[in-house]
Amino acid sequence: MTTATTTDSQTATTALCAVRPHVPVDRLVTDLVPPRHFANARFATYRANPAHPSQGRALARLTEIAQEIVAPRRGLFARRRPAPAVYLDGGFGVGKTHLLTSLAHAVGEALGPEKAAHGTFVEYTNLVGALGFLPTVEALATKKLVCIDEFELDDAGDTTLMSRLMRELADRGVALAATSNTLPGALGEGRFAADDFQREIKALSDRFETLRVDGEDYRHRDVVTESEPLTDGEAASASARPGATLDRFDDLLDHLATVHPSRYGALLDGVSVVALTGVHAVTAQDVALRLVVLVDRLYDRDVPVLLGGSGDTRGLFTEEMLAGGYRKKYYRALSRLGALAEEGRKLV
């Protein structure tokens, strides 16, 4: 349940800062579904590029894995095999998340949506933070498939936590699927992270099958990472529509500190547009990381953003942040926020 100002059933909150989400524990788990952004992703809609045969091979293998999960071999003489575990390894923009969500949809449509969980690495770590480790294991152990998008290798503690969680789930017969978090802002780093992934998950590495997904390098794609800023007045005026919210940037940053990140999605219930005034550079890392989580939830839900003030995504994070250990998170946020801001500009 949330506390908010509304005018009718079609109108969302007038300010995100007015929302105090009280999310039932079971919703934290039921919200682990493919994001709205990939609602229509299916194996049949993935267009494998014949110039990169690994895309077709990954598609075919994941189709087989879906069948293995949905209809495992049974019978007295059927050899007992561990549940499938697959890691999609590839660069930005080659369709890894499309394939991952297609797998989740295939299993959910065959066995029921409650049997497939799909979330980002951060969503799972936040879930553990909100529920505790053992309750999270018990909740996810009821699934046939757990998909982890954008597995992050830049925080040793979280990586160890997720490795332990996956081991517990694999031991209980839950199928696993993950993608890497290679991003367009990786500044020339290696495109593929399979070796790093296998090293970090240690005891689980021999269970995971790695599927390479090659493709056109992100530098040759039209990836939006910048958006021209709006004035505060433009952002405020364009927010005068049903379902829109309007907040001062500093107020929102303060509010995020009072809400557990696992509940950021609930902040956006019924929200169609988010308008922010007084946008400026963020200099504190804890504040910046909370903002990254919010941007991810906005992107998952395809919510356009109106950025007033300086509103320039290019200077949102400091140079030190963009060169530090969390740089992949920050570049992902810039890319996503830029795309959402471009959608917001169309409303002005």
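Predicted model: local features only at pLDDT ≥ 70, side-chain atom pairs only at ≥ 80, totals over all residues.
In terms of secondary structure, the protein has 13 helices and eight strands. As for how the chain contacts itself, among contacts with a separation of 6 or more, 84% are between residues 24 or more positions apart.

In soluble globular proteins, nonpolar side chains tend to be buried together. Here the largest nonpolar core has 40 residues, and the members that touch the most others within it are Leu316 and Phe317. The elements that contribute two or more residues to this core are helices H9 (249-256), H10 (264-267), H11 (285-300), H12 (319-323) and H13 (327-345), together with strands S7 (273-279) and S8 (305-309). The largest share, nine residues, is supplied by H11. Apart from this core lies another one, of 28 residues, with Val29, Leu131, Val137 and Ala170 among them.

Which residues does Phe317 contact, once its neighbours within four places in sequence are left aside? They are Val282, Ala288, Leu291, Val292, Leu322, Tyr330, Ala333 and Leu334.

Let me turn next to a helix pair, H4 (residues 121-131) and H6 (residues 156-171), whose axes come within 10 Å and cross at roughly 80 degrees. Since angles of 65 to 115 degrees count as roughly perpendicular, the two helices H4 and H6 are therefore described as roughly perpendicular to each other. On the H4 side the contact is made by Phe121, Tyr124, Thr125 and Val128, and on the H6 side by Asp158, Thr159, Leu161, Met162 and Leu165. By class, the residues of this contact divide into six nonpolar, two polar and one charged.

A few words on cysteines, where a search of the whole structure for disulfides finds zero. Is Cys147 buried or exposed? With a relative accessibility of 0%, Cys147 counts as buried, whereas Cys17, at a relative accessible area of 24%, is partly exposed.

Finally, I would like to point out Ala110, which is found in helix H3 (residues 96-111). Ala110 has a relative accessible area of 46% and is therefore classed as partly exposed. Along the chain, Ala110 and Val70 are 40 residues apart, and in the model their C-alpha atoms are separated by 6.7 Å.

Technical notes
Residues numbered from 1 in each chain as written. Heavy atoms only, no water. Axes fitted to C-alpha atoms, helices over the stretch in contact; angles between N-to-C directions. Helix = DSSP H or I, 4+ residues; strand = E, 2+ residues; numbered from the N terminus. Parallel < 35°, antiparallel > 145°, perpendicular 65-115°, else oblique. Contact = heavy atoms within 4.5 Å. Nonpolar A, V, L, I, M, F, W, Y, C, P; charged D, E, K, R; others polar. Disulfide = S-S within 2.5 Å. Buried < 20%, exposed > 50% of the residue type's maximum accessible area, 1.4 Å probe, protein only. Core = buried A, V, L, I, M, F, W, Y, C linked by side-chain atoms within 4.5 Å.
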